[in-house]
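Q: I'm new to this structure and would like a close look at one part of it. Could you walk me through the aromatic rings and what surrounds them?

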Amino acid sequence: MQIELIKLMPRFAVVKINNDGFYENSSQAEIFINYRFYKKTSLVINYIDKIKPGEDITLTVRFNDVEESISFTVPMEFVTLNVKKFGAVGDGVNDDTVYFQSAVMACPKNSRIFVPKGIYRIRNIFLKSNITIELSEDAVLLADNERYNHPVFPGMIESYDGKSEYNLGTWEGNPLPMFAGIITGLDVENVTICGKGVIDGNASHDDWWYDEKTMRGAFRPRLLFLSSCENIFVCGVTFRNSPSWTIHPYFSEDITFAGINIQNPSDSPNTDGIDVESCKNVNITGVKFTLGDDCIALKSCKIYMGRKYGLPSENIDISHCLMENGHGAVTVGSEMSAGVRNVKVSSCIFSNTDRGLRIKTRRGRGDKAVIDNITFSHINMNSVKTPFVVNCFYFCDPDGRTSYVQNRDPLPVDERTPSVKELCFEDINCTDTHFAVAYFHGLPERKIEKISMKNIYVDFDKNALKGYPAMLCGVEEMCKRGIYANNIEKLLLENVTVKGYNGDKYELYNIDDFMED
């Protein structure tokens, strides 16, 4: 057993309790605070409240007859501001936006905004630096679903010098007008959002999810939008019913999401869980995803923003998460014209997603669109239709089905040509698979440099479904297929076990160096 203090604040701690678990340990642990029973839990990542500023704490964890303790002193807090003291009602009827925003603006450094039990109807809340917002259990921030009650962020505003520009709105990698996030942070730092409460986007097929591809006024808002922010910590809270992408850190750094829940209906459009775009130093741990699109998507804009700013998404650590019912568990791309690199995914469970790892790129993303050093290890996948997908012919966007993008013949390598370098998969167990073990299809003119698979076990559902393993033109439906690999420089397979497949275990084309052990 291992206990690790991940985060300590004046009112809470985030503690990792690892007894060789993924999202959960195999059995429950008992937690004691100063030798008084606190709760039972099987979770690896735990949000611990009911501690006070300045208090000396001994936290003890007991697994059966094994005990381990850590001790710490809770940091001090200056003041707490209760939103109800500012006029918020929390009755689910009255608009509490101005009262909530007043508490935010009045909050001094090293202080807390406290949201007690109640349903607080809000439009948009704008964060400021050096504050903590805590939502108590049974506190709900319920968003207004009338779109024209929300401010519009213009996509790009030209400066008076005629050279610079200010980007506010963004939609799928381009600087386009969007409605402000329900919770929005612009150029803020040292912000914590915590607690056992709920942030509810209140979206449905009668409003935000209706005719979702049409821009009406502006593109749909995020539930939490963080632009040019630094040192943000989000923990404990449940996010649900988002109008579009649920959490979207954008051009930001040093961001942590720990022990939160993201819940969107399976038929809700584009309600990705966490979309990391042109960010660095991001930690996602102990998060449960149940939603209508990709659970985690790693991006770095489309060609204009990618070329102009050249900011990749990099140094991203994802661990101890449960990803359910999404299109992809962890997706890279397709909007990543500045690249994605140094990504580690470990000790996670993927359940009933269409794909496990999902890399999406295509010609036109540009020569800065480099995907490199992506590592998946110690992953359990259950009922994932295709566990491993690398698709360099992704067909979405208006030009996605053009001959330039979809041509399978080698084309000239130029400034439009993306690349996929090194991918590593180790110690992964996949049960009840459906379509195929893996579908790897690189560009013929710039092959995937290296894929290594080590200690991989895959079996198929006896009643496996048939379907398309990836989104590209010309691919056929598959059922119980093995590893399809095309246009790869080096493919290394070590201790790869596949049971119950139809046809050939390996379908290999245009592989320069294939090694199997």
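A: Let's start with a cluster: Phe350, Phe376, Phe388, Phe425 and Phe440 are linked by ring pairs. Keep in mind that this is a predicted model.

Take Phe388 and Phe425 from that group. Their ring centres are 4.9 Å apart and their planes sit at 40°, so this pair is tilted. Phe388 belongs to strand S38 (residues 386–391) and Phe425 to strand S40 (residues 422–433), so to speak two distant parts of the chain, 37 residues apart. Phe388 counts as buried because its relative accessibility is 0%, and Phe425 is buried too, at 0%.

Now hop over to Phe440. Setting aside neighbours within four places in sequence, Phe440 is in contact with residues including Phe388, Phe425, Ile451, Met453 and Tyr484.

Where does this sit in the bigger picture? The largest nonpolar core has 107 residues, and Phe350, Phe425 and Phe440 are among those with the most contacts inside it, along with Ile284, Phe289 and Met323. Strand S43 (residues 481–499) gives the most to this core, with eight residues. Another core lies apart from it, with 17 residues, among them Tyr38 and Ile57.

Back to rings: the count comes to 17 aromatic pairs. One of them is Phe251 with Tyr309, whose centres are 5.7 Å apart with planes at 80°, so that pair is edge-to-face. Here Phe251 is in the loop between S25 and strand S26, while Tyr309 is in helix H2 (residues 303–309), 58 residues apart.

Methods
Residues are numbered from 1 along each chain as its sequence is written. This is a predicted model: local features need pLDDT of at least 70, side-chain atom pairs count only at pLDDT 80 or more; totals for chains, interfaces and linings use all residues. Side-chain values use heavy atoms; hydrogens and water are left out. A nonpolar core is a set of buried Ala, Val, Leu, Ile, Met, Phe, Trp, Tyr and Cys residues joined through side-chain atoms within 4.5 Å. Buried means under 20% relative accessible area, exposed over 50%, partly exposed in between (1.4 Å probe, protein chains only). Helices (H or I, at least four residues) and strands (E, at least two) are DSSP runs, numbered from the N terminus. Contact means heavy atoms within 4.5 Å. Rings of Phe, Tyr and Trp (its six-membered ring) pair if their centres lie within 6.5 Å; planes under 30 degrees apart count as stacked, over 60 as edge-to-face and the rest as tilted.
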